[in-house]
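Please open the model in your viewer and keep the selection tool at hand, as this tour goes from one stop to the next and says at each what there is to see.

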Amino acid sequence: GEVLKNLNKFYKRKEIQRLGAENGLDARLFHQAFISFRKYIMESSSVSADLHIILNDICCGFVLLGHVDDLFPFFLRHAKQIFPMLDCMDDLRKISDLRLPPNWYPDARAIQRKIIFHAGPTNSGKTYHAIQRFLSAKSGIYCGPLKLLAHEIFQKSNDANVPCDLVTGEERVFASEDARQAPHVACTIEMCSTNTPYEVAVIDEIQMIRDPARGWAWTRALLGLCAEEIHVCGEPAAIDLVTELMYTTGEEVEVQNYKRLTPLTVLDYALESLDNLRPGDCIVCFSKNDIYSISRQIEARGLECAVIYGSLPPGTKLEQAKKFNDPDDPCKILVATDAIGMGLNLCIRRIIFNSIVKPTVNEKGEKEIDSITTSQALQIAGRAGRFGSSFKQGEVTTMHRDDLVQLKEILSEAVPPVKAAGLHPTPEQIEMFAYHLPDATLSNLIDIFVSLSQVDGMYFVCNIDDFKFLADMIQHIPLNLRSRYVFCTAPLNRKEPFVCTTLLKFARQFSRNEPLTFDWLCRHTKWPLAAPKNIKELVHLEAVHDVFDLYLWLSYRFMDMFPDAVLVRDIQKKLDDIIQIGVCNITKLIRASQSAAAPGTAEVVSEDFPLSRAQKDARVVSDRHGAASTEALSIAVEAAGLRRAKNLRPSRLGSRQEDLKSYGRGSLASRLLREGLLTQEMLKQLESEWQDQHRNGRYGFGSKRDDQHSSKETRKKRK
């Protein structure tokens, strides 16, 4: 008892905490070290003799001989055993000091660069003017956020007789037949070279410098490109940050402002019914399930629609865009996710938001549901009435009347200024960490790096959850650090199990020094593959396309071990054609999926988006009868309504609270009715029960016991 009392006294001493901090133990590490130290003393059968004597002196109250502070050298020795980095903390702090990123690029600092910021909304001609300067230069580099954008500039440049290469993570295309490097290059921003000198550089969508996962690539391009002129294109919200960053490099920013080239009108009425669709309409959804549902309903009305969403291959997206844009094609409606926000030229008359809430990932890597930001809303709405298209002005509205007021409010708000630029640890920094901490795993190295890193107020360290996920997944495979780092930066969606297991197999075979051949890949993916017969098969084909992308990405980093890039690219093009067939017949695939599924569980894709949980909850109960069915459905509707309201900004909660008072008139109820998951009779019963609950001041159904049961069920569903 005395030992424990004195140990706790030691822990609470401010002087001891200060000494801990001086030796590299922040509050978190100090606490963890103390817990381990206390356990060692209390549970160890034999502590060292000198520690035993000190403890004895303290516990016996020999003030002149012992004081709790005397435990500190033993505590620090123990802490260094469990946290080896404490021995080299000064070196590690120097390595992870991220306060002067401009100094990382000596080649760029050696020249005086001219920075021109082309600022304006979507469809204002800002990128066009930057590209004109790119084309007229002796040499140039275009850096964009998407393969589609890089490919468009590559095409445009070569069509204008300006030889231009294409460089993406998965592809290198030379303008000349003899594979000589052209003076111009169009690339995805992560692939830009900071060593090659250019006359002109174009950095597109500069506001993405704030992106929690990819922002580091824009920071690197802005600070590191060796070009006499840097043309930066994007939202005016990024002007102040870019100006501040360039102040630290001693470079001035010239701002050229642009206004939208065609008018954009927010309509005073919602669409409310798919019967009101017109040619040139685009319905924007934030979930694949909503895309499937809406496209099927459109087809049921005898209309054709094109479909575009993020996980489709670039070739399929372009084909769907071409189909929608073709005035001679009967397809006049587009159903899409916010993937249309950039990278595709579309002839849209009217944007219709099916919903204005979207799943997002915050800076901590946590998933949240929130109303779309002003920046996102403007980016998507701005796609209507593109300059040079057949529609001279654009229109924007919502599917549901109760969303329209909020959309107007979102669009009228000023876009908040971009506050900080992303940074990411380099392979060299991680290698230096590993030299000091040879026994640490790559995931631990990254954790320690981030915890020790110091950043200037204009910067933040990007979210490294995906990196850590892959690092943990392949930790047991023997790889050298540089190879391990490369595998962990592979661009893949960790929610796709097939792609993740393929990376694992790639890494395992790589570690055995066995080349990943074309035949091996065909066996693994069961190539050749047939056209999909249902949505599940379509989703799998998209995953196989991602596996081919992964192979190609690795082939440019480990050519000897992934030797068959040419063959893989050929079958990837064939797979793209197969996926296009599936997307063109998407409503047939949906019907096949729903008829094959058990009654009441016709969910067609794995659950990616929390918004679709309400549909899932409702489907589970739609096949049951009686009061229990109505009760469970009410819980599903209530839980979904509360989930939607929970994360909305305070300024918008007022109208959402009104929605919660009338589920029967809300958009969720309308959707459940349209999909046949809710009947008018059930809806009336729900409304009357909801009113009864409020009249009686109750929140459940039936008895108090039932109330408790209902709240438990709701909590389970939220989990």
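## First stop: a loop proline

Select proline 327, which sits in the loop between α13 (314–325) and β13 (333–336); helices here are DSSP runs of H or I with at least four residues, strands are runs of E with at least two, and both are numbered from the N terminus. This is a predicted model, in which local features need pLDDT of at least 70 and side-chain atom pairs count only at pLDDT 80 or more, while totals for chains, interfaces and linings use all residues. Residues are numbered from 1 along each chain as its sequence is written, and side-chain values use heavy atoms, with hydrogens and water left out.

Proline 327 counts as exposed, with a relative accessibility of 66%; exposed means over 50% relative accessible area, buried under 20% and partly exposed in between, for a 1.4 Å probe and protein chains only.

## Backbone stops

Most residues other than glycine have a negative phi, and most peptide bonds are trans. With that in mind, go to tryptophan 527 and proline 528, which are joined by a cis peptide bond with omega about 5 degrees. Proline 528 belongs to the loop between α21 (518–525) and α22.

Select alanine 179 next, where phi is positive at about 60 degrees although the residue is not a glycine. Alanine 179 is in the loop between β5 (172–173) and β6 (184–188), and its relative accessibility of 43% makes it partly exposed. Asparagine 513 also has a positive phi, near 65 degrees, without being a glycine; asparagine 513 is found in the loop between α20 (497–511) and α21, and at 59% relative accessibility it counts as exposed.

## Charged pairs

Side chains of opposite charge can pair when their charged atoms come close. A salt bridge is taken here as a side-chain nitrogen of Lys or Arg within 4 Å of a carboxyl oxygen of Asp or Glu, and by this rule there are 29 salt bridges.

Begin with lysine 147 and aspartate 549, a salt bridge whose closest N and O atoms are 3.1 Å apart. Because lysine 147 lies in helix α9 (residues 147–159) and aspartate 549 in helix α22 (residues 535–555), the pair ties together parts that are 402 residues apart in sequence. Lysine 147 is partly exposed at 29% relative accessible area, whereas aspartate 549 is buried at 13%.

Then move to glutamate 235 and arginine 210, a salt bridge with closest N and O atoms 3.6 Å apart. Glutamate 235 is in the loop between β8 (226–234) and α11 (239–248), and arginine 210 is in the loop between β7 (197–203) and α10 (215–224), 25 residues apart. Glutamate 235 is buried, with a relative accessible area of 11%, and arginine 210 is partly exposed at 30%. For a group of charged residues, select Glu15, Arg18 and Glu22, which are linked in a network of salt bridges.

## The second largest pocket

Where does the second largest pocket lie? Domain 2 (101–257) and domain 3 (264–412) both give residues to its lining, so the pocket lies between them; these bounds come from an automatic or database domain assignment.

A pocket, on a 1 Å grid over the protein atoms alone, is an open set of points where a 1.4 Å probe fits, with protein on both sides within 12 Å along at least five of seven lines, and lining residues have an atom within 4 Å of a point. The space in the second largest pocket is about 710 Å³, a volume being the space filled by probe spheres set on the points.

Select Asn123, Thr127, Tyr128, Glu152 and Asn345, which lie nearest the pocket's centre among 28 lining residues. The largest share of this lining, six residues, comes from α8.
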